[in-house]
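Dear colleague,

I am passing a structure on to you, together with a short account of what was found in it. Please look through the sequence and the model before reading further.

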Amino acid sequence: MSSFNEEALFWGLVSAASICIYTLQPIELLKTYGTTSVVGFAMFICGILSIAMFQQVESEAIWDGMTWLGLFAIIILGTVVSFNAYMEGVKLIGAVQGSILSSLEPISAALFGWALLGNEFTLIGIFGMICIIATVFIIAWDRQRQIKREVLKN
């Protein structure tokens with residue numbers, strides 16, 4: 001049996017709890033103010049808190065075109081656009097379905113890592129992927145049943 005790192009387990013559980021909170025908490029705000037306003041204000045607050053916590057205003061980075069391009073890709077594409085798309089999806093399909101579907105992201109990361117970087121799959125990793133995919137199918141099947149039940153009731 002393999003050992004595991006207690007610190008990794010702790011931060012994994014904190015991450016799981018955080019996903020639950022940031023998926024369920026803003027539902028009413030999203031309905032009232034829209035995705036862009038809620039995400040923008042949240043990122044503004046986090047930016048202010050980050051400056052206060054880390055107090056790192058100066059940078060030794062070389063600010064050339066590639067730095068600005070990388071900064072744009074990480075901040076705008078990797079954070080603003082992706083998080084906006086996720087929150088819009090949560091607003092449209094609901095928090096439970098949105099969070100379940102977002103669990104497919106580690107599978108795509110593993111597949112890209114295998115295809116592009118030559119990473120190997122472990123038996124535990126494959127079992128985890130099967131569990132994630134099975135959960136998505138179970139949720140979709142249950143949603144179909146609920147829709148059919150509502151149609152038959154009407």
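This is a predicted model: local features need pLDDT of at least 70, side-chain atom pairs count only at pLDDT 80 or more; totals for chains, interfaces and linings use all residues.

Along the principal axes, the C-alpha trace spans about 65 × 50 × 30 Å. Buried residues account for 12% of the 154 residues in the protein.

The largest pocket has a volume of about 230 Å³, and its lining is made up of I21, Y22, Q25, P26, L29, Y33, V38, V39, F41, A42, F83 and M87. Four helices, namely α1 (6–24), α2 (27–33), α3 (35–54) and α4 (65–93), each contribute at least two residues to this lining, and the largest share, four residues, comes from α3. Sorted by class, the lining of the largest pocket holds eleven nonpolar residues, one polar residue and no charged residues.

The largest nonpolar core consists of seven residues, which are L30, V38, V39, Y86, M87, V90 and A95. The elements that give two or more residues to this core are α3 and α4, and α4 provides the largest share, three residues. V38, V39 and M87 belong to this core, and these residues are also found in the lining of the largest pocket. As for Y86, another member of the core, its contacts, leaving aside neighbours within four places in sequence, are with Y22, T23, G98, S99 and S102. Of these partners of Y86, Y22 is a residue that also lines the largest pocket.

Is E120 buried or exposed? Its relative accessibility is 76%, and E120 therefore counts as exposed, the cut-off for that class being over 50%. Between the C-alpha atoms of E120 and K31, which are 89 residues apart along the chain, the separation is 43 Å.

With best regards

Technical notes:
Residues are numbered from 1 along each chain as its sequence is written. Side-chain values use heavy atoms; hydrogens and water are left out. On a 1 Å grid over the protein atoms alone, a cavity is a set of points where a 1.4 Å probe fits but cannot get out, and a pocket is an open set with protein on both sides within 12 Å along at least five of seven lines; lining residues have an atom within 4 Å of a point. Grid points are joined across faces, edges and corners, and a volume is the space filled by probe spheres set on the points. Ala, Val, Leu, Ile, Met, Phe, Trp, Tyr, Cys and Pro count as nonpolar, Asp, Glu, Lys and Arg as charged, and the others, Gly among them, as polar. A nonpolar core is a set of buried Ala, Val, Leu, Ile, Met, Phe, Trp, Tyr and Cys residues joined through side-chain atoms within 4.5 Å. Buried means under 20% relative accessible area, exposed over 50%, partly exposed in between (1.4 Å probe, protein chains only). Contact means heavy atoms within 4.5 Å.
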